[in-house]
Number of protein chains: 2
Amino acid sequence: VTAEPARAGIVDVARLAGVSVATVSRSLRGLPNVAASTRERVLNAAEELEYIASPLAAALVTGRTRSVGVVAAYAGRWFFAEVLRGMEEGLRDFGYDLVLHVLPEGERRQRFFVGLPVRRRVDALAVVGLELTRGELDSLRRLQIPIVCVAESLPGVHSERIDNAAAAGIATEHLLGLGHTRIAMIGASGGPGSVPAARARGFTAALADAGLTPAAVLDGDFTSRGAADALTRLLAGERSGASGRPTAVFCQSDEMAFGALYALGQAGLRCPQDMSVIGFDDHELAEMFGLSTVSQPVAEQGVAAARWLIGSLEGRGPDDAAGPVTVPSAADVPHSVRLVVRATTGPVGG
Amino acid sequence: VTAEPARAGIVDVARLAGVSVATVSRSLRGLPNVAASTRERVLNAAEELEYIASPLAAALVTGRTRSVGVVAAYAGRWFFAEVLRGMEEGLRDFGYDLVLHVLPEGERRQRFFVGLPVRRRVDALAVVGLELTRGELDSLRRLQIPIVCVAESLPGVHSERIDNAAAAGIATEHLLGLGHTRIAMIGASGGPGSVPAARARGFTAALADAGLTPAAVLDGDFTSRGAADALTRLLAGERSGASGRPTAVFCQSDEMAFGALYALGQAGLRCPQDMSVIGFDDHELAEMFGLSTVSQPVAEQGVAAARWLIGSLEGRGPDDAAGPVTVPSAADVPHSVRLVVRATTGPVGG
């Protein structure tokens, strides 16, 4: 290793530009709240002095990477893409990088929790829409960094999510209010604390309040195709007794509702005259399908999760930078949902 | 700075586990091609010796971060989410992190190119679906790292994309084959080398081959809402002379085609009897809309871009790690497209 010539430091840049070191740092990291003229002056000074900011060296000194890992079940689906968009925006405003880890089921997921490639590469973690096993969560906890979860809940982990049971109740009550009594649900499998389980609870509770039970409970696997197939099977099985057919169906996601609409069309049934369909999300295409639904703020949950993590990180004192962080227990954040009535729901018999 | 007690190194872990240093590295980074039993032995050895791999220290030594920056115009839209999914998968298989930068138009985009927050934080860059100005591209070039672009082309930059003009020609020829002669297009604005411009070229060339010109060219801004509004305006303006109305419309994306279908429904027109609609993409919901379209492999373009970058990075010798990398000039990669005929296209007059 040979000695390098003395290089200009951030203090030299600040002195030449006539601003504070913090302003140099903010300017070079592209953060807001620096006047364009000031940033220009800082960049000119940095160029003149051939100053090179080294995020790596800074990270070794501070123990911080200024990166946040996002661990998500999918990247291609609408909900996940929207959460990601919100998180990226929330993190970027504070100069943090978003490092994406997509964990489909199976071998890749196993490898992630064994190898933990986020170790020492991120300052904090967000878990989006993943149900974790006890062992998987324990693995993450051993990283001793702040963790937040979005959509799903994890024991002892701060969560940004909506009240799924209440939202499902709103959708169900809309159908009940239109006079429906034979109401089916298309959901998905999941553990007792999962999103599909919470939505199923809200659905059955609203029915129970009206003295009813579900007409059918189908598994659509949160995909259009899965929901279309499930409803097609139901309709085929019930051909013999059309009077027993559900007159309405609550779908736990808009994508599944799109599939239900497709299945109705294929079966020659009209919506809402033969069957009302309500979704959950207010997907960007819901309006194009005329879909009635319960809207939830999705990108906003991502932004909130990002802000919570940044609060945890920036709140740490320099003395305990390497120590464990106390994460508050799960709290219901009142992300608000609302009923959006369009063309796919109507009175019984249309 | 106080001296730390001697810590176990990777060589100690390899010796204790009875494997090579490379295998230890692969095991701890969660890479494939390590037997589960071997990985277990390595993790046990690492735990016993309290070995802590430091990606930061490794990055300072090698000058590599093992991260790739992805700069995208959007995160929430289907195409971008799918490319991201493919890139994440392609990078992860080689132990690279994906760092996401979403650059909407306006102030955030400006800040990115001035501050260049990717500097020294990533080994390579992928630009997804962004038209860059000369100045913006020059900024990225000064980073002296490999750059790839997806969907759009950039001068002198390797590109993973489809032949947009040819694909648009396939869609247009399908409509011509059904006997349509008054064919409109819903596209979007863009520079001469942009994706919408290439698709428009393919559309008008196919029409010209049949001795025709476009019946109308509308701007739908690549959104369902934009396309619905544009087609609604066209239909309203042409009420006086229905005989002059286009009998078919080529939409430059499926999301815009969904909007066109919505506008037709709102106007009381039937599809395909009154107007045929063909899209572009084969969006995951295209089947649910019965949409005829030209399918393109999207996640695959992301995978290919990731592989190309990794090839550039791993191909570099240790001596020129800090030097510029020669990036081959743009090449048309034959990502294949194909016509998918569903229910929204039919003969003139249905």
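At what angle do the axes of helix α1 (residues 10–17) and helix α2 (residues 21–28) of chain B cross? In this predicted model, the two axes cross at roughly 100° and come within 8 Å of each other. Angles of 65 to 115 degrees count as roughly perpendicular, so α1(B) is roughly perpendicular to α2(B).

Helix α8 (residues 164–177) of chain B packs against helix α9 (residues 195–209) of chain B with the axes 7 Å apart, at an angle of about 40°. The two helices are therefore oblique to each other, and their crossing is right-handed. From α8(B) come Asn164(B), Ala165(B), Ala168(B), Gly169(B), Thr172(B), Glu173(B) and Leu176(B). They meet Val195(B), Ala198(B), Arg199(B), Gly202(B), Phe203(B), Ala206(B) and Leu207(B) of α9(B). Sorted by type, the residues of the contact of α8(B) with α9(B) are eight nonpolar, four polar and two charged.

Now let us step back and see how the chains meet. How many residues does each chain give to the contact between chain B and chain A? Chain B contributes 55 residues, and chain A contributes 55 residues. The size of an interface is often given as the accessible area lost when the parts come together. For chain B and chain A, the area buried between them is about 5100 Å², with 59% of it on carbon and sulfur atoms.

The charged side chains come next. Side chains of opposite charge can pair when their charged atoms come close. Searching the whole structure turns up 30 salt bridges over all chains, and six salt bridges are found across the interface of chain B and chain A. In one salt bridge, the side chain of Arg121(B) meets that of Asp97(A), with an N to O distance of 2.7 Å. Another salt bridge pairs the side chains of Arg108(A) and Glu88(B), at 3.0 Å from N to O. Where do these two partners sit? Arg108(A) lies in helix α6 (residues 107–115) of chain A and Glu88(B) in helix α5 (residues 78–92) of chain B, so the pair joins two chains.

Technical notes. Residues numbered from 1 in each chain as written. Chains lettered and ligands numbered in written order. Predicted model: local features only at pLDDT ≥ 70, side-chain atom pairs only at ≥ 80, totals over all residues. Heavy atoms only, no water. Axes fitted to C-alpha atoms, helices over the stretch in contact; angles between N-to-C directions. Helix = DSSP H or I, 4+ residues; strand = E, 2+ residues; numbered from the N terminus. Parallel < 35°, antiparallel > 145°, perpendicular 65-115°, else oblique. Left-handed = near helix turned anticlockwise from the far one by under 90°. Contact = heavy atoms within 4.5 Å. Nonpolar A, V, L, I, M, F, W, Y, C, P; charged D, E, K, R; others polar. Buried area = accessible area lost by both parts, 1.4 Å probe. Salt bridge = Lys/Arg side-chain N within 4 Å of Asp/Glu carboxyl O.
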